[in-house]
Amino acid sequence: MDIEPGELTVGQLSQRSGVAISALHFYERQSLILSRRTSGNQRRYKRDTLRRVAMIRIAQRVGIPLAEVAAILKLLPESRTPTRSDWERISECWQAELDRRILHLEQLRDDFKDCVGCGCLSLDRCALANPYDALAAKGPGPRRLMNPEGEPCHPGKCA
């Protein structure tokens with residue numbers, strides 16, 4: 001079967017990760033994961049590919065583009081199994097982006113449920129959220145959700 005200790009076939013990787021074989025092939029074409037080929041041209045994956053696939057799936061679930069995932073995965077060593085400190089180091093690369101996404105999701109959940117719930121869909125003329133469209137003078141975009149520099153913030157905490 002030409003399989004080394006600690007290696008997985010594409011079928012085994014698919015079964016253990018819960019990811020379709022076609023998706024694994026796609027990840028490989030995108031250089032997100034690597035395999036070696038046997039003399040019979042079959043793919044063999046290192047066992048640590050399971051962690052890489054898990055990270056790819058988690059990143060996809062929160063909307064991180066695969067190009068960003070690929071850039072981060074390139075920071076992992078290829079010559080050895082990544083250690084806990086390797087994984088911690090690359091997770092720190094996403095901290096600011098994830099914090100920004102969390103803030104946006106919190107805003108969606110907390111700050112506009114009443115306005116969206118009223119159904120008027122005219123926030124530029126809404127007597128509750130923006131009477132007489134006063135926020136237009138502060139610039140374009142969702143001004144209640146941005147600080148003066150245009151960065152996201154919670155209403156009431158934007159200086």
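**The chain as a whole**

Of the chain's 159 residues, 30% count as buried, meaning under 20% relative accessible area with a 1.4 Å probe and protein chains only as cover. This is a predicted model, in which local features need pLDDT of at least 70 and side-chain atom pairs count only at pLDDT 80 or more, while totals for chains, interfaces and linings use all residues. Residues are numbered from 1 along each chain as its sequence is written, and side-chain values use heavy atoms, with hydrogens and water left out.

The chain exposes about 10500 Å², and carbon and sulfur atoms supply 55% of that; the areas come from the Shrake-Rupley method with a 1.4 Å probe. For contacts, the criterion is heavy atoms within 4.5 Å. Among contacts in the chain with a separation of 6 or more, 51% are between residues 24 or more positions apart.

There are 7 helices and 3 strands. Both are DSSP runs numbered from the N terminus: helices are H or I with at least four residues, strands are E with at least two. From the N terminus, the order is β-α-α-β-β-α-α-α-α-α.

**The sheet**

Next, the strands. They form an open sheet in the order β1-β3-β2, with antiparallel pairing; two strands pair if DSSP finds at least two bridges between them. The edge strands are β1 (7-9) and β2 (36-37), each pairing on one side only.

Between β1 and β3 (residues 43-46) there are 3 bridges. Glu-7 stands opposite Lys-46, and Thr-9 has Arg-44 as its bridge partner.

What does Asn-41 do in the hairpin of β2 and β3? With 5 residues between the strands, Asn-41 takes a positive phi near 70°.

Helix α1 (residues 10-17) lies across β1 and β3, at about 95° to β1. Axes are lines fitted to C-alpha atoms, for helices over the stretch in contact, and angles run from 0 to 180 degrees between N-to-C directions.

**Two packed helices**

Last, a helix pair. Helix α3 (residues 49-61) and helix α4 (residues 66-73) pack at about 145°, with their axes 10 Å apart. In α3, Arg-52, Met-55, Ile-56, Ala-59 and Gln-60 meet Leu-66, Val-69, Ile-72 and Leu-73 of α4.

How values were computed
Buried means under 20% relative accessible area, exposed over 50%, partly exposed in between (1.4 Å probe, protein chains only).
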